[in-house]
Structures are given as structure tokens and as C-alpha cells.
Amino acid sequence: MAGGHGHPGQERVGTAGLAITLGNDLRSIINAARATNPGALDDPGIRERIARTWTQIELTKLLNYRALTKILKKQKNWPEVPLAKLQWSHLAQDLAELAIDMLGPNGLILRGGEGAIDGGSWARLYSFQRYTTIGAGATEVQKNIIADKAIKLPRK
Ligand SMILES: Cc1cc2nc3c(=O)[nH]c(=O)nc-3n(C[C@H](O)[C@H](O)[C@H](O)COP(=O)(O)OP(=O)(O)OC[C@H]3O[C@@H](n4cnc5c(N)ncnc54)[C@H](O)[C@@H]3O)c2cc1C
């Protein structure tokens, strides 16, 4: 995440909250595809990915709401927070890839290039979102936290 941040658990509530942004992005990508590459929206594979991504975004929002409710009740905000962080990590990357697949070759043109879509923002997101499985806690470490603290798997 850009800028400083406080307690890691709180930072992850912040990243999980990005599910709201992902939902807005999905709607914007569909609108951009309608305007620039409408054929993609007839593709059954793309349609299934849109539905799956939308469903996962909604699930992540609910996880995040549950974490916030626990915080308001002064309870520990896990396992919802590490679960929502993991969801966000891969959803952000799935969505960035879906954008490029929906927009076609022009989706990869960066800002300033001829034919760039939405100022090249989807092309930028495609490379930038690789950080989401590292920033605010690497995926492997998040999985360890969930295994230890949420599922309480035995350690050898
Ligand atoms: C774009 C970006 C912005 C960032 N912004 C900020 C910021 O504003 N403020 C801030 O403080 N930090 C920031 N960070 C740092 C970020 O929080 C760390 O990069 C992240 O927590 C991972 O830590 P690390 O880089 O030390 O990797 P490491 O912990 O060294 O991990 C390296 C690799 O080893 C694996 N690994 C490590 N430990 C284990 C383990 N026990 N079991 C299994 N695998 C393991 C990891 O999964 C990873 O693949 C940012 C990072 C990025 C990429």
C-alpha cells in the first residue's frame, strides 16, 4: 500500500475494503468493453469469469463487513481479515487480467498511446496489481496465519 500504515491487522481491513473499489472497477470495465470491444461480452468464457468475479467480490465485501462488525464489538477481527486479504489479493489480479481479455489489444495501450482505453488505466492496473499477493502481507504468510490461528492446524 502506498504511504505509511498502522497495525497490520488494520491495514488488512483497509485492503479488504478495496472489494468495493473492485466492484466499481468491474462495472467500469464492462462499460469500456461495451464501448470498445462489445464482441467480448458474447464470449461464454468471459461471461462466466464476469459472473464468478462479481460473486467473489460480493463475498469479500461480506467478509469485510463481518470483520468491521467484530471491530465495533471490540472482538478480534479474524479470521475474516486474513481471509478477505487473500480474497482481495487474487481477485485484484483476476480482475486486471479479465479487463485485458475483455478490452482486447487496445486494453494494453498505456496513457498517451493511440487508442488507449480510459487513459490507459487498465493497462497500468494489469502490471501494477502483481503487488497484491505481496503488499500488506505475502500470500504464503497469510495462509500460515489462517492455518495456525483460524483452522488451528497442528504443527509438526
Ligand atoms: C507495492 C508495494 C507497496 C508497499 N507499501 C508498503 C508501505 O506503504 N508500508 C510498509 O510498511 N510496507 C509496504 N510494503 C511492504 C510489504 O508489506 C512487504 O513487501 C510484504 O509484507 C512482504 O514482506 P517482504 O517483502 O519482507 O517479503 P518476505 O517476508 O521476505 O517474503 C518473501 C517471500 O518469502 C515468503 N515467505 C516469507 N516468510 C514465509 C513463511 N514463514 N512461510 C512461507 N513463505 C514465507 C513470502 O511469501 C514471499 O514469497 C509494500 C510492498 C509493495 C510490493
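**Figure 1. Helix H5 and the residue that follows it.** In this predicted model, H5 is followed by Lys152, whose phi is positive, near 55°. H5 covers residues 139–150, 12 residues in total. From first C-alpha to last, H5 reaches 15 Å. That is close to the 16 Å expected at 1.5 Å a residue.

**Figure 2. The whole chain, for orientation.** The protein has 5 helices and 0 strands. Its pattern along the sequence reads α-α-α-α-α. Of the 156 residues, 29% count as buried. Among contacts with a separation of 6 or more, 70% join residues 24 or more positions apart.

**Figure 3. Helix H3, a mostly covered helix.** H3 runs over residues 80–103. Of its 24 residues, 18 are buried. The helix should span 34 Å at 1.5 Å a residue, and its end C-alpha atoms are 33 Å apart, so the two values agree. Gly104 follows H3 and has a positive phi, near 75°.

**Figure 4. H2 against H3.** Helix H2 spans residues 44–72. The axes of H2 and H3 come within 9 Å and cross at roughly 155°. Angles over 145 degrees count as roughly antiparallel, and H2 and H3 are therefore roughly antiparallel to each other. H2 passes H3 in a left-handed crossing. On the H2 side, the contact includes Ile46, Arg49, Thr53, Ile57, Leu63 and Lys70. On the H3 side, it includes Glu80, Val81, Gln87, Trp88, Leu91 and Met102. By class, this contact has 13 nonpolar, 5 polar and 6 charged residues.

**Figure 5. The loop between H2 and H3.** Two backbone features are shown here. Most residues other than glycine have a negative phi, and most peptide bonds are trans. Lys74 lies in the loop between H2 and H3. Lys74 is not a glycine, yet its phi is positive, about 60°. Is Lys74 buried or exposed? Lys74 is exposed, because 6 other C-beta atoms lie within 10 Å, and a residue with 12 or fewer counts as exposed. Pro79 lies in the loop between H2 and H3 as well. The peptide bond from Trp78 to Pro79 is cis, with omega near 15°.

**Figure 6. H3 against H4.** Helix H4 covers residues 121–128. The axes of H3 and H4 come within 8 Å and cross at roughly 140°. That angle makes H3 oblique to H4. The crossing of H3 past H4 is left-handed. H3 contributes Ala96, Ala99, Ile100 and Leu103 to the contact. H4 contributes Trp122, Leu125 and Tyr126. Which classes make up this contact of H3 with H4? Its residues divide into 7 nonpolar, no polar and no charged. An α-helix has 3.6 residues a turn, so residues three or four places apart point the same way.

**Figure 7. Ala116 in the loop between H3 and H4.** Ala116 sits in the loop that joins these two helices. Ala116 touches Ile109, Leu110 and Arg111, leaving aside residues up to four places away in sequence. Ala116 and Asn106 are 10 residues apart in sequence. In space, their C-alpha atoms are 6.0 Å apart. Ala116 is partly exposed, because 18 other C-beta atoms lie within 10 Å, and a residue needs 20 or more to count as buried.

**Figure 8. H3 against H5.** Two packed helices are described by the angle between their axes and the distance between the axes. The axes of H3 and H5 come within 9 Å and cross at roughly 150°. H3 and H5 are therefore roughly antiparallel to each other. H3 passes H5 in a left-handed crossing. Pro82, Leu83, Lys85, Leu86 and Ser89 in H3 meet Thr139, Gln142, Ile145 and Ile146 in H5. The contact of H3 with H5 has 5 nonpolar, 3 polar and 1 charged residues.

**Figure 9. Ala136 in the loop between H4 and H5.** The place of Ala136 is in the loop between H4 and H5. Phi of Ala136 is positive, near 60°, in a residue other than glycine. Where does Ala136 stand, buried or exposed? Ala136 is buried, because 20 other C-beta atoms lie within 10 Å, and a residue with 20 or more counts as buried.

Technical notes:
Residues numbered from 1 in each chain as written. Predicted model: local features only at pLDDT ≥ 70, side-chain atom pairs only at ≥ 80, totals over all residues. Helix = DSSP H or I, 4+ residues; strand = E, 2+ residues; numbered from the N terminus. Contact = placed C-beta atoms within 7 Å. Expected span 1.5 Å × (residues − 1). Axes fitted to C-alpha atoms, helices over the stretch in contact; angles between N-to-C directions. Parallel < 35°, antiparallel > 145°, perpendicular 65-115°, else oblique. Left-handed = near helix turned anticlockwise from the far one by under 90°. Nonpolar A, V, L, I, M, F, W, Y, C, P; charged D, E, K, R; others polar.
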